[in-house]
Number of protein chains: 2
Amino acid sequence: MQENSHLPRSAEAQSGTRRPGGRTARTRTAVLDATLAELAEFGYGGASLDRIAQRSNVAVSTIYRRWGTLEALIREVADQLTTEFTMPDTGDLEQDLRYVAGAIVRLRDSPAHRGWLDCMVSTAVRDPAARRTLTVAIDDRAERASVAVLRAIDRSEVPADTDPIQVIRWLAAPLYQRIYITGEPVDLDLAGRCAAVAAHAARAGLLSGFSTGNG
Amino acid sequence: MQENSHLPRSAEAQSGTRRPGGRTARTRTAVLDATLAELAEFGYGGASLDRIAQRSNVAVSTIYRRWGTLEALIREVADQLTTEFTMPDTGDLEQDLRYVAGAIVRLRDSPAHRGWLDCMVSTAVRDPAARRTLTVAIDDRAERASVAVLRAIDRSEVPADTDPIQVIRWLAAPLYQRIYITGEPVDLDLAGRCAAVAAHAARAGLLSGFSTGNG
């Protein structure tokens, strides 16, 4: 199971610190992989813990004991989106943002993630629980990526009151629009455009001074 | 029915030219209103022509004769998004774009449109027919709005190779992101931000020279 895992190595390594290479880590990987596959096939509303147990060859009682609910399991899958994402430091805002936008394109190109992300977005419009899980995953990623903007503030490349999260959102928005609204493909060229526009807007002070929690 | 209609006056007027204030126009308005309500309640996959007939008090045979299929009916509802949208000419790109972004916020604030747009977006992820209808409606609106960019090119406010459709897309993307991905409210302040960033990027030449049909 491990050699075909869709989960990032960093996540396996993380579990591994608790019990290196042990059964716990293997079980976790198998169950989370099975959850991804289940969501992609049956959707958020149709996913079943029993089938996830079958897919992963892990006893359903083990899954209940460890995760409690299907929703907790789905949240842990969503957390992978964050742990697999690490920001480089190129010393230039546009270059850093190009990496962030590129990570969205790469995530989209991953068959394992594509299925469950589609499922989460289509469900989120009508289901508040799916919306919450999706929003937390996106916010966590944006939070990680926003360090690029904080560094640009430190370098005085952008105004001190630039809103780091808003820069990441403006960066990602044209990609999400194509992925989820128009259904068009996204590529690294487009990621570069996104980075150029967001960096330019931030430098010009257009993404500064948002009131908290709004916009 | 007409006084509570969710359809724009211009659309009624348009039908009216064929038979002013007549039965045809009233039937059309009633059926399209009923379709909006049906989509909002049952979704794209669950909508039924029979129930639309009941809701509108129009014989189902009349609906079949005039529209042929449920999909044609839904397409005509989507067309309303375009016909109700007319561009002012303020002589300034950012001001014109502010109007376009404001129209998206107003559309979102309209309870009648909100329901069916949610339904289209959530279905589009999995259903190619819903995706097509949604994409055509969005493209038509973008096409209409892009006249603001063509005028800015004429005034030499932006480079001659600025891509009008891409400017409108970049303008709209942060709004769609909040509406459909994060589920946050949108307001006219945010619309103003969107206009400022898109106008600025266009003036700086960052939305120029796209290869056709891509990005």
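Which residues have the most contacts inside the largest nonpolar core? I looked this up in what is a predicted model, where local features need pLDDT of at least 70, side-chain atom pairs count only at pLDDT 80 or more, and totals for chains, interfaces and linings use all residues. Residues are numbered from 1 along each chain as its sequence is written, chains are lettered from A in the order in which they are written, and side-chain values use heavy atoms, with hydrogens and water left out.

**Core.** I found Ile63(A), Leu73(A), Leu97(A), Ile63(B), Leu73(B) and Leu97(B), in a core of 138 residues. A nonpolar core here is a set of buried Ala, Val, Leu, Ile, Met, Phe, Trp, Tyr and Cys residues joined through side-chain atoms within 4.5 Å. Buried means under 20% relative accessible area, exposed over 50%, and partly exposed in between (1.4 Å probe, protein chains only). I then followed Leu97(B): leaving aside residues up to four places away in sequence, Leu97(B) touches Val167(B), Ile168(B), Leu171(B), Ala195(B), Ala198(B) and Ala199(B). Contact means heavy atoms within 4.5 Å.

**Chain A.** I counted 11 helices and zero strands in chain A. Helices (H or I, at least four residues) and strands (E, at least two) are DSSP runs, numbered from the N terminus. Of the 215 residues of chain A, 58% count as buried. Among contacts in chain A with a separation of 6 or more, 65% come from residues 24 or more positions apart.

**Interface.** I noted 44 residues of chain A in contact with 44 residues of chain B. The area buried between the two chains is about 3,800 Å², and carbon and sulfur atoms give 58% of that. Buried area is the accessible area (1.4 Å probe) that two parts lose on being put together, summed over both. On the chain A side, Trp170(A), Ile181(A) and Arg193(A) lose the most area to chain B, together 19% of what that side buries.

**Helix 9 of chain B.** Which residues of helix 9 (residues 147–154) of chain B are buried? I list Ala148(B), Val149(B), Arg151(B), Ala152(B) and Ile153(B). These buried residues pack against helix 6 (93–109), helix 8 (128–145) and helix 10 (164–182) of chain B. Ser156(B) follows helix 9 of chain B and has a positive phi, near 60°.
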